[in-house]
Amino acid sequence: MEFSDCVFCKIIAKKLPATVIAENDQVIAIKDIAPKAPVHYLIIPKKHIVDVQSLQPNDAGIAAAMVLMATHLSKTLPGSQACKLVMNNGADAGQVVFHLHCHFLSGKKMDAL
Ligand code: AMP
Ligand code: ZN
């Protein structure tokens, strides 16, 4: 389902440009437009799901596909495969785009949370 006011749905539908790093039938990985690390990708399910709290039991395959995309992306890194995965859920947690996504951050030494 495409939500006409959702920037990630527009990217998935190829109605907005993005740098696609990897894609399969369930998820797409793109470069973040405002990177916070030397490597900053977004892992986005193709289904419009608002946030983690909105996931249903039958979305388990999508959640797994997001994590497995991180596995794939980490193996494409030239050096260390270390990466930080971040999911902001809810405005108070810093979520700005209300289509579920996971930040994939790498390419520099990062602090523990
Ligand atoms: P969040 O704060 O977790 O909702 O993160 C949303 C992320 O989406 C931010 O890091 C933005 O830089 C990124 N973003 C927003 N619009 C685009 C876009 N058109 N292409 C790529 N990344 C985007
Ligand atoms: Zn969407």
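**A buried histidine and a well-covered ligand**

Histidine 99 counts as buried, because its relative accessibility is 0%, and buried means under 20%. Keep in mind that this is a predicted model.

**Around histidine 99**
- You'll find histidine 99 in the loop that runs between β4 (84-86) and β5 (102-106).
- A polar atom of the histidine 99 side chain lies 3.4 Å from the backbone oxygen of lysine 47.

**Polar contacts of ligand 1**
- Aspartate 32 brings a polar side-chain atom to 2.5 Å from an oxygen atom of ligand 1.
- Histidine 103 also uses a polar side-chain atom, which lies 2.8 Å from an oxygen atom of ligand 1.
- With isoleucine 33 it's the backbone: one of its N or O atoms lies 3.1 Å from a nitrogen atom of ligand 1.

**Where ligand 1 sits**
- Ligand 1 exposes 510 Å² when taken alone, and the protein buries 84% of that.
- The pocket that holds ligand 1 is the largest pocket.

**The shell around ligand 1**
- Of the elements, α1 gives the most, with three residues.
- In total, 17 residues surround ligand 1, and the closest are Asp32, Gly94, Val96, His101 and His103.
- Sorted by class, the shell has nine nonpolar, five polar and three charged residues.

Terms used: Residues numbered from 1 in each chain as written. Chains lettered and ligands numbered in written order. Predicted model: local features only at pLDDT ≥ 70, side-chain atom pairs only at ≥ 80, totals over all residues. Heavy atoms only, no water. Near = heavy atom within 4 Å. Polar contact = N/O pair within 3.5 Å; in protein donor to acceptor, adjacent residues only side chain to side chain. Areas by Shrake-Rupley, 256 points an atom, 1.4 Å probe, with all protein chains shown as cover. 1 Å grid on protein atoms, 1.4 Å probe; cavity = no way out; pocket = protein on both sides within 12 Å on 5 of 7 lines; lining within 4 Å. Sits in = over half its atoms within 2 Å of the grid points. Helix = DSSP H or I, 4+ residues; strand = E, 2+ residues; numbered from the N terminus. Nonpolar A, V, L, I, M, F, W, Y, C, P; charged D, E, K, R; others polar. Buried < 20%, exposed > 50% of the residue type's maximum accessible area, 1.4 Å probe, protein only.
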